[in-house]
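Here's a quick tour of a protein chain, written for someone who likes cut-offs spelled out. Have a look at the sequence and the model first, then read on.

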Amino acid sequence: NVSFEIELTIGEGEEQEIVLFTPADILSATLVEQVDPISLTLPISELNFKVYTTDPRFGIYAENEFSQSLTLRQPVRLYLTYQLQRFLMGTYYLDSWKSPAHYRYEFKAVDTIGLMDSITYDGSYWANDTSLQLVLADVLEPGGISFSISDELAEFKLRGFLPPGTLRESIQQIALAAGSIVLCYGDKSIYLEPVKLPYRGEPAIYTISDEERLEQQEINIKQIITDIEVNSHEYVGQNERITIFQNYLEPGEYKIRFTKPYYNIEATGIGYPQDNLATEDGFWLITEDGFEVVVSEEYVYGPNYIYLYVYEPGGEVTITGYPIVENRQTYSFRESGLSPYQTANSIIIENATLVNTSIASNVLALLRDYYRQRYEQKARTIESYMITPEDELLVKFHPGEVARISATDGKFIRGAIEQIDYDLAGGMLTKLRIVGVEDGN
């Protein structure tokens, strides 16, 4: 009584079309949802599906109507029909596709974190403690990604430097420093909540019994992490002006990003004339965040970049400023009770630039307690559903939740669900990967 459909959006604006693949079209479909409970990485969840269609608009050649539109990160929506009601299960974004045979097509779509991996971010510097809410708004809103945070994180503050990179890299840095897990909620939206560690006593939401499992799975014991080091980062302004950039630029529009933080930046050379700074159409320059913009006679600055437009015949541009120097301090932990013959297995966090001296010990403790969770249990089961009186569909398993699962010899493991593999075309067979601690009989 469960079936799936996949809706592929093609094109934009008035030319947008929706193509629906029904169970009759879908040859295979898998969904892999992944999380990292401590945000040391931000894994990308994927929807992979193969279809058979004779629609002539599909194809890899220019003459095929959809060939160009399918190169865009178009929305891919997964729908589930249960008890004759249709529910949206998730929105993904087309990442790649190919045609291995005539009329056969393979598609890979990624979640919001995968979408964020394709969006660049210029970086920022927060000299003073700034609320997590404001930091996330500065980073995500220019990229069109919405967010929400749990009440427990409302008062959390960050300071420091965030280097240029992708939105995915930037949010990973923020989440690690904030001690939070990142979950995908809705279309182009993420949610941050505090890390849930079974080692720290986080209770299980439900128990997965032997009867709910399709077969017995082996338990893996992860290798002991013997040493952990975390570097804190503090930033101090220097008193000597240096040259940040100096080069001859041909006519054109430029955006220069800084890989390190600076203050009191000045520029000389050929750049924006003063009258263009007053334009309101946004063609020549628009700042990308809510930071105060400092305007000289010919240039406009953001917190980590500079816009300039060089007119004919071109010329030399020199940018100078005062560097903000990074001071590092090492926080370390070594596991106790190790054998003299124990093989070293270390983790070193060097470049988490938002981890300052105020929170470095908390980050170190979080890493220590996470890696003390050494039991990894995999289990095959079948997803279960329930429709609420408000006609909302509830599914049992969610990435990041803590579950209690029967193991071997009458033992139980209490751990966080780090990965869920769904075989959508195979009757909703589900494979769980749970990492945690022993939890009695």
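Which residues does Phe397 touch, not counting residues up to four places away in sequence?

## Ground rules

This is a predicted model, in which local features need pLDDT of at least 70 and side-chain atom pairs count only at pLDDT 80 or more, while totals for chains, interfaces and linings use all residues. Residues are numbered from 1 along each chain as its sequence is written, and side-chain values use heavy atoms, with hydrogens and water left out.

Phe397 touches Tyr206, Ile208, Thr381, Ile382, Glu383, Ile417, Ile420, Tyr422, Thr430 and Leu432, not counting residues up to four places away in sequence; contact here means heavy atoms within 4.5 Å. Phe397 sits in the loop between E27 and E28. It counts as buried because its relative accessibility is 1%, where buried means under 20% relative accessible area, exposed over 50% and partly exposed in between, with a 1.4 Å probe and protein chains only.

Lys396 is in the loop between strand E27 (393-395) and strand E28 (402-406). Its side chain makes a polar contact of 2.5 Å with that of Glu212. A polar contact is a pair of N or O atoms within 3.5 Å; within protein, one must be able to donate a hydrogen and the other to accept it, and residues adjacent in sequence count only if both atoms are side-chain atoms. Leaving out residues up to four places away in sequence, Lys396 touches Tyr206, Thr207, Glu212, Glu383, Ser384 and Glu401.

## The whole chain

The protein chain has 4 helices and 30 strands, taken as DSSP runs (H or I, at least four residues, for helices; E, at least two, for strands) and numbered from the N terminus. Its C-alpha trace spans about 75 × 65 × 45 Å along the principal axes. Of the 441 residues, 50% count as buried. Among contacts between residues at least 6 apart in sequence, 73% join residues at least 24 apart.

The chain exposes about 21500 Å², with carbon and sulfur atoms supplying 47% of that; the areas come from the Shrake-Rupley method with a 1.4 Å probe. On the charge side, there are 33 positive and 66 negative side chains, and the centres of the two sets lie 10 Å apart. Lys and Arg count as positive and Asp and Glu as negative, with His and the chain ends not counted; each charge is placed at NZ of Lys, CZ of Arg, CG of Asp or CD of Glu.

Leaving aside neighbours within four places in sequence, Ile171 is in contact with Leu42, Met116, Leu136, Val139, Leu140, Val182 and Ile190.

Helix H2 (residues 132-140) is mostly covered, with 7 of its 9 residues buried. Those are Leu132, Val135, Leu136, Ala137, Asp138, Val139 and Leu140.

Thr130 is in strand E9 (residues 124-131) and is buried, at a relative accessible area of 15%. A polar atom of its side chain lies 2.9 Å from the backbone oxygen of Asn128. Over in strand E5 is Tyr79, which counts as buried at 13% relative accessibility.

Now for some backbone angles. Leu84 has a positive phi of about 65° although it is not a glycine. It is found in the loop between strand E5 (75-82) and strand E6 (85-101), and is exposed, with a relative accessible area of 85%. Asp391 also isn't a glycine, yet has a positive phi of about 65°. Asp391 lies in the loop between strand E26 (385-387) and E27 and is partly exposed, at 47%.
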